[in-house]
Each structure stands twice: as C-alpha cells, then as structure tokens.
Amino acid sequence: MVENRVVGKSVKKIDAKEKVLGTALYAADIKKKEMLYGKILTSNITHGILKSINTEKAKAVKGVHAVLTGEDVPGLNSTGMIIRDEPVIVKKGDKIRKIGDTLAIIAAETEEIAENALKMIEVEIEELTPVFCPYEAMKEGAPQVHEKGNILSVRKIIKGDVEDTFSKCAAVVEGTFKTGIQEHAYIEPEAGIAEVVGDVINVWCCTQNPHMDRKEIAANLNVGLQKVRVIQTTTGGGFGGKLDESVQIHLALLAKATNKPVKMVYSREESIIYTGKRHPITMKYKTGCDAQGMLLAMECEIVADTGAYASYGPGVATRCAVHATGPYYVPNVKITAFCIYTNNPRSGAFRGFGVPQVALAHESQLDMLAEKIGITPYEIRIKNALRPNMKTATDQLLEQSVGITKTLEAAKTRAEQLLKIRL
Amino acid sequence: MDFVYHNPRNLEQLFNIVNGTGNCTLFAGGTDLLVKMKKKLIEPENIVDLKGIDDLKGIVPEGEFLNIKPLVTHDEIENSEIIKKKAYVIAEAAAQVGSPQIRNMGTVGGNIGNASPAADIVPALLVLDAKVEMQSIQGQEEKELLSVFKGPGQLSIKKGQVISNIKARVLAEQEGAAFMKSGQRKALAISVINGAVWLKVNGNKIEDVRIALGAVAPTPIRLFDVEKWLIGREANEDVFKKAGEMAKEVVKPIDDIRSSAEYRKTVSAAIVYNGLKTALQRIGGLSQ
Amino acid sequence: MNTINISFKLNGKDMKMEIKPQLLLLDMLREELGLTGTKNGCGEGDCGACTVLFDGKPICSCLALAVNADGHEITTVEGLGSEEKLDPLQQAFIDEGAVQCGFCTPGMLLSAKALLNKNNDPSDAEIKRAISGNLCRCTGYTKIVKAIKKAAKMKEV
C-alpha cells in the first residue's frame with residue numbers, strides 16, 4: 001500500500017515560504033510596463049434611472065486613455081453568479097439599484113489623474129423611491145427593484161403535518177430572530193491587472209472563482225472563452241466575498257479599449273461600498289416538543305434580503321431552508337425561505353452560506369423549549385441530535401458519521417472544566 | 001495629496017514659517033492628520049513637520065511638575081520610568097491608545113491638538129492638574145489644559161501659537177490616580193467613554209479629588225460638582241458609589257456611531273466608581 | 001514639483017533617494033523601491049498590514065511620510081531573512097501553520113520581531129499585546145501566538 005502523504009498528517013502550506021519572505025505576488029504587487037490605472041465612477045443614490053452621462057470633459061483630461069460607459073460594453077453588460085441581473089456598467093436609460101453601481105470606468109496614467117477625471121463626468125439621474133425593508137418589498141405596490149418583481153426565490157420544505165402536531169405538543173415556543181448585514185473585510189482589498197496579448201485578454205486578479213471570472217469576462221466582451229485567461233494571484237482572503245465579480249470585467253474592458261496593461265486596486269472604502277455582504281435575515285420560528293423534550297414539529301418563515309442583485313442569494317436562501325432545523329431530528333416541518341430584492345447592498349456568499357444565520361434561530365428555540373419543559377440546554381440538544389441512519393428535514397438519509405453528538409459532548413466537558421459547573 | 005512641506009530644525013525656524021507662510025498645518029505623529037488628508041477631509045496648503053525640532057522632545061522633571069514636550073510619543077510615555085513612577089496615570093492612558101504602531105507614532109501634543117472629545121491622554125492629564133504652554137513669536141502663554149478645548153476638533157489657540165510644553169503635577173504621598181477606558185474592542189478602539197480620577201486622602205477623609213471624563217461632551221470635562229461633594233467625605237465604597245451615581249446625572253453625552261447616550265451615562269458611573277476605588281487602593285487605603 | 005534628498009538605512013543597507021515630500025513611506029517602499037512585501041490593507045492605520053520597523057519600532061507605513069525616514073533605519077519583511085536563511089520567526093510561522101492567506105504575515109512578523117528584540121521570553125499576553133495592531137482576518141491568531149513563542153526559543157535557523 002502506498003503511504004498516504006497528506007491525510008491525517010500535518011502538512012506545511014505550499015506557499016508559506018514565499019509568504020513569510022514577502023515575495024508572494026498579490027495582484028496589487030504586480031507592475032507592468034506602460035501600465036495604466038483604472039478607477040470607477042459609482043452611483044451615490046440607491047434607486048434611480050441614469051438619464052444621461054457625459055464623459056467628454058473627462059476624456060479630454062491629459063493622461064486619460066479611456067472613459068467607458070454602458071454603451072461601450074460589447075457583450076451582455078450583465079453579470080451574476082446564479083442569474084445575470086447586475087449591469088457591468090449601468091447604461092443610459094437603465095436603472096441604478098444601489099449605492100456603488102458602476103456608471104463609468106476610467107483608465108489613466110496615474111491614479112490621481114483617474115480620480116480627478118472621474119469628477120469631470122457629468123451625470124443626470126432621476127431618483128426613484130427606494131425600498132430597504134424586504135417585508136415592504138414583498139408587498140403589492142412596493143417600488144420594484146427589478147422588472148420581474150422583488151421576490152427572487154421561494155423555497156419550501158413541507159413534511160408531515162405541523163398544525164396537527166403542534167396541538168399535541170407538550171410545549172410550543174415562538175420567536176422572531178434577525179441577523180445583521182456583514183462585510184467580509186478580507187485583509188486584501190480587491191485588485192487585478194489586465195493585459196491584451198495578441199488577441200487574448202489576460203487578467204491577473206485576487207479571486208475565489210477564476211473559471212467564473214473567465215466566463216463573465218468572455219460574455220461581456222463578446223469574445224470566445226479561449227480568448228480570455230484568468231490567472232488567480234495569491235489571494236489575501238475571500239471568505240466567499242471574492243466569488244463575485246469585482247475588478248475583473250472592468251479591467252478586461254479597459255485593457256481592450258486602451259491596448260495597454262491596466263491595474264485596479266480598491267481602497268478599503270471602495271471594497272466595502274462595491275462588494276457583496278452576508279445576507280441579513282429575518283426568521284420567524286415556531287417549534288414544539290413532547291414532555292421529554294423530543295422535537296415534534298417546526299414551522300419557519302425565513303426572509304433573506306439579497307439587496308439589489310441576486311449574487312448567490314437564491315442559494316443562500318435554499319441553504320437556510322435546508323438547515324432550518326439545525327443538526328436535529330424534526331419529523332414534521334413547514335419551512336418557507338424567501339430571497340428578496342431591495343435597494344440595499346448586494347449580499348452573496350459568506351462563510352456558511354446562510355447556515356450561521358439560521359443557527360441563531362434554531363438554537364434559541366431549543367433553549368426556549370428546554371426552559372419551558374424544565375430540562376437543560378444540553379439535554380434537549382443531545383436528545384434530538386442527528387445520528388447515523390436518521391433523516392434530515394429534507395429526508396436525506398445520513399449514512400455515514402454525524403459529528404454533532406461528539407461535538408456536544410466535547411463542548412459540555414470543556415464548559416464544565418472552564419466554568420467549574422456540572423451541566 | 002498636494003502640499004508644501006516645511007521641515008524646521010528649531011523653534012525660530014518654526015515661527016518664521018508659521019508667520020511668513022499662508023495656512024499652515026502642524027504635523028507631529030500624523031496618525032490622525034494623514035488619515036484626514038488621505039480622505040480629503042482636509043487639504044492643507046502647508047505641512048509643517050515638527051519632528052526635526054529637538055526643543056519639542058523629551059520629558060523633564062521640574063519641581064512638583066513634569067514637563068512633557070508635545071512630540072513625546074505614547075510609547076515613550078508608556079515606557080518612561082519617571083512617568084511610571086511619578087505620574088503613572090498618564091502611562092496607563094497612553095498604554096491604551098490605538099495599537100503599538102499608533103503609540104510609536106502618535107504624540108501627546110497631537111492627542112491634545114487634535115481636540116478629540118475621546119482623546120485618551122487628556123483625562124489623565126486633566127486629573128494631574130495639567131497646564132499647556134503655548135509659544136509664539138510674541139512669547140509664551142500658560143493655560144489650564146481644560147480651557148484649551150472649544151469643541152470637537154477645535155482648540156482655543158491663537159494664530160502663530162504652538163503647543164510647546166505640557167506640565168503635569170506629579171503624584172505625592174497619600175495621592176493615587178487611575179485611568180479607565182471603555183471601547184468597542186481591546187485594541188485600536190476609539191474610546192466610547194474614558195475617564196481618570198486623582199485622589200488625595202488624609203487618614204480616611206478625602207482631602208482633594210479631581211475627576212475627568214472623555215467622550216461624554218463636545219470636549220473632555222471635569223466633574224467639578226461631584227468633586228466638591230466628595231471633598232471632606234470619608235473615602236469608602238458607599239461614597240464612591242454615590243459619586244458614580246452623581247456623575248451619571250451630570251454628564252450629557254450624545255448618541256453616535258460608537259455608543260448610545262444611555263450606555264455612556266451608565267459607564268460614566270462605573271468609571272467614576274471604579275476609578276475612585278482603584279486610586280484609593282493605589283494609595284494603600286482599600287484592600288483589594 | 002519640489003523634491004527632497006533623503007538618506008536612510010533600509011534593511012541594513014545605506015540608501016539615498018530623491019523623493020517628493022508628499023510621498024508616503026508605504027508608496028516609496030512598494031512603488032519606488034519595489035519592496036512589495038509591505039502591504040496596504042486599509043490605508044488608515046487600523047489593520048497593520050503595512051507595518052515596518054522604524055528604528056526598531058513597528059509603525060504604520062501608510063500613515064508616515066517617506067521624508068521622515070531621513071536619518072533613520074527602516075526594516076521591512078524583505079530585511080528579515082532570505083530564501084537561504086530564514087529568520088527564526090519566519091521558520092516558526094511556516095512550521096506552526098501560522099500563515100494562511102499571508103497578507104497580514106509581513107506586518108505580523110515585524111511586530112513580532114520588535115517584541116522579540118526586547119523580550120526573548122514573552123508571555124502569551126505580551127505577544128497578544130504586541131500584535132494587537134495587526135489584523136488577521138483568516139483568524140489564525142492562536143497559531144501565530146504559538147509561532148512567536150516558538151521563535152523566541154529558537155536559535156538562528
């Protein structure tokens with residue numbers, strides 16, 4: 001048998017040496033001859049229509065090589081990981097849906113020239129009433145963020161009969177739980193550099209998703225996939241936030257337009273304004289158990305605010321539904337998860353994909369039930385914990401190991417040591 | 001950033017620049033200034049770098065005062081043997097400013113000159129009865145530290161004047177002091193509220209006391225009413241607790257991004273109570 | 001545009017530069033000298049990715065003007081060790097798994113270096129305080145503290 005060199009062994013990180021020496025190249029570290037710097041003009045309103053945009057004065061600034069608007073995007077002018085609903089550059093006459101939507105992009109000889117030229121762009125925007133609350137957005141007559149309506153997706157999981165079961169429960173608790181929006185704040189702000197060599201566009205960038213980047217660049221530049229190369233540079237953290245497009249398509253457009261290498265490095269502020277977040281989610285829960293604390297039924301309505309664009313929103317909302325019951329066996333469930341458009345910042349993938357949010361709700365519900373029937377928080381969890389050969393809310397049979405009981409036992413031991421109590 | 005850079009080597013050169021050049025912005029540690037400049041909140045025409053002036057550096061004892069020159073960094077204060085011995089409350093405050101990097105750059109003069117209501121060094125200096133010396137081409141002027149703050153970011157200082165020295169009264173026998181801070185996290189936090197206490201006892205009676213709080217008003221403040229009430233009373237838990245309750249009533253903080261007014265009031269009481277208790281413990285008056 | 005001549009020591013070598021007074025120390029290192037090991041994370045002194053040693057003490061190079069290097073000594077991550085001869089801290093960071101995305105690593109190493117230069121047997125609390133101005137967003141602090149502790153006990157690698 002060949003000896004396994006990795007599994008079960010402590011392995012040294014392959015690029016650790018370059019990283020401790022400071023020689024690992026992150027996108028912002030790359031320099032090319034005759035390189036230009038890219039900057040973005042973004043909207044500072046949440047909802048409106050771009051009535052007009054005049055870039056003549058900016059184009060005339062010495063050192064400016066290109067100013068591109070929505071008209072200059074040769075391809076789809078649309079990007080998105082699950083559905084394409086986000087403009088690469090908002091076109092004249094089209095909608096602005098959040099602060100930070102791109103209105104124009106510039107390539108200039110220095111960052112300073114680019115910044116000054118941005119101020120010369122004249123923009124006329126007709127403001128529309130925005131909607132920030134997902135519940136408001138679901139109502140009839142609410143401002144429509146997208147033409148197809150504000151309800152982006154609905155996922156339901158129904159098993160057994162919750163209504164009937166609740167009436168037979170020894171204890172039923174209800175609660176509404178909310179989590180806030182959250183920025184990834186990876187320590188490396190987004191950066192990249194693009195260069196056209198022959199008829200191939202090369203984009204070096206920090207990313208978690210080079211294949212998707214390539215597809216999105218090709219679609220928006222209206223070129224074949226074989227004409228786009230995306231090279232992931234050493235990436236300073238992503239946590240899901242670098243799965244979406246940031247500098248990639250803009251850089252490819254600018255490099256193509258100027259025929260020079262173009263570099264773009266977000267400031268921390270730009271990174272926070274332009275990029276995705278963790279979904280803020282509201283969860284209404286009702287949970288019932290028998291006199292011994294065995295869970296019998298759970299009903300929940302989950303509303304995820306995905307902001308102005310879908311990003312991974314439908315996926316996140318689906319995961320919320322799938323994991324709504326947590327690592328516990330619940331025979332009767334009625335779960336509905338909505339993903340809703342608003343004019344808030346776009347939310348997308350972020351460590352855990354909706355699962356950390358629902359944990360707040362199901363764990364609180366278990367505590368409430370334990371208190372009501374007079375058992376400890378540990379007891380109610382260990383009693384209901386999923387074990388091999390049991391089924392989840394979606395009827396998935398867990399055939400292999402399930403870690404929750406071991407985790408609970410270890411946590412109990414540690415808590416008893418630290419707090420010097422018996423749980 | 002676009003500015004003319006001036007690098008005076010002594011006070012005379014400094015005054016020549018300040019008086020002979022248009023709008024001048026003084027540059028000490030730069031930890032606040034550079035942030036404001038990068039964000040274009042301010043766009044100075046002239047930057048006058050003070051770091052080449054040796055007269056603005058150093059810590060020098062003088063009778064019952066310590067002269068702390070404005071370019072002394074938080075790190076220097078934190079590690080100064082004489083401050084740790086004779087004015088430890090300032091070292092305690094300096095140690096809680098920003099991060100090691102910020103403490104190595106930021107200066108005491110800058111902490112005052114910036115006139116932030118949340119400056120950490122200021123309450124500690126206030127309870128040591130600090131004076132500020134302002135120098136200009138016309139000469140020198142000494143002011144009570146408390147009187148130089150006009151509002152957030154606003155200093156009562158005449159054109160052409162620079163802070164040339166900060167005088168803090170050293171701690172004597174039967175005197176104790178403490179600095180306390182509450183921030184959103186342990187490092188790199190701007191104070192939600194901070195405060196310092198200085199206490200002088202005679203037997204178990206409070207002979208004199210000074211209490212200062214930051215981030216509860218547009219400027220750092222002294223709690224004169226609470227101090228007056230405390231003088232002559234017995235130094236004990238109950239009295240300190242009552243003083244904390246009084247502090248809660250006299251401060252008028254605001255709601256802002258870092259905290260609510262209500263929270264600040266509650267913590268004011270805790271800072272005054274714990275500050276008095278700690279100061280007394282340091283005199284040796286209250287067993288731990 | 002006016003320029004200023006400065007001379008300083010960079011990673012042990014004497015340097016002379018002619019620079020614009022507006023230039024940030026971080027930009028001089030990264031853009032003029034090509035020392036890109038020093039990173040820009042926030043640009044306002046909160047994250048510590050731009051940490052360099054100034055006369056042996058950690059500072060934020062994003063908030064310092066390059067002219068202030070005149071007459072002083074600057075150490076960047078490039079001055080810590082080399083491919084052939086790593087600094088004990090660099091070796092310990094590799095061995096202990098204290099490197100994840102690596103963007104905070106140069107600044108983290110320099111803050112640790114400043115600590116070990118004055119304290120060769122630091123406690124966990126002293127280490128945590130010394131790196132309190134360096135954010136690791138991958139949240140690998142435990143391993144970083146362990147690595148610094150290990151390096152303190154290591155002789156030259």
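How far apart do the C-alpha centres of domain 2 of chain B and domain 3 of chain B lie?

**Figure 1. Domain 2 and domain 3 of chain B in the predicted model.** The C-alpha centres of these two domains of chain B lie 20 Å apart. Chain B as a whole is divided into domain 1, covering 4-49, domain 2, covering 57-169, and domain 3, covering 175-283. Between domain 2 and domain 3 of chain B, the contact involves 22 residues of domain 2 and 24 residues of domain 3.

**Figure 2. The side of domain 2 of chain B that touches domain 3 of chain B.** At least two residues of this side come from each of α5 (88-94), α8 (121-127) and β8 (149-151) of chain B, and α8(B) gives the most, with five residues. Sorted by residue class, the side of domain 2 of chain B that touches domain 3 of chain B holds 14 nonpolar residues, together with four polar and four charged ones.

**Figure 3. Chains A, B and C and the contacts between them.** Two pairs of chains are in contact, and of these chains A and C share the most contacts. Chain A and chain B, by comparison, do not touch, their nearest C-alpha atoms being 9 Å apart. For the model, the scores are ipTM 0.97 and pTM 0.94.

**Figure 4. The side of chain C that touches chain A.** To the contact between these chains, chain C brings 28 residues and chain A brings 23 residues. On chain C, both α2 (88-95) and α3 (105-118) supply at least two residues each of the side that touches chain A. That side of chain C is made up of 15 nonpolar, ten polar and three charged residues. Chain C has a mean pLDDT of 96, with 97% of its residues reaching 70 or more.

**Figure 5. Domain 1 and domain 2 of chain C.** The domain assignment places domain 1 of chain C at 4-79 and domain 2 of chain C at 88-153, and the centres of the two, taken over C-alpha atoms, are separated by 21 Å. Their contact takes 16 residues from domain 1 of chain C and 13 residues from domain 2 of chain C.

**Figure 6. The side of domain 1 of chain C that touches domain 2 of chain C.** The strands β3 (51-54) and β4 (57-60) of chain C each supply at least two residues of this side, to which β3(C) gives the most, with three residues. By class, the residues of the side of domain 1 of chain C that touches domain 2 of chain C comprise seven nonpolar, seven polar and two charged.

How values were computed. Residues numbered from 1 in each chain as written. Chains lettered and ligands numbered in written order. Predicted model: local features only at pLDDT ≥ 70, side-chain atom pairs only at ≥ 80, totals over all residues. Domains from an automatic or database assignment. Contact = placed C-beta atoms within 7 Å. Helix = DSSP H or I, 4+ residues; strand = E, 2+ residues; numbered from the N terminus. Nonpolar A, V, L, I, M, F, W, Y, C, P; charged D, E, K, R; others polar. pLDDT = per-residue confidence, 0-100.
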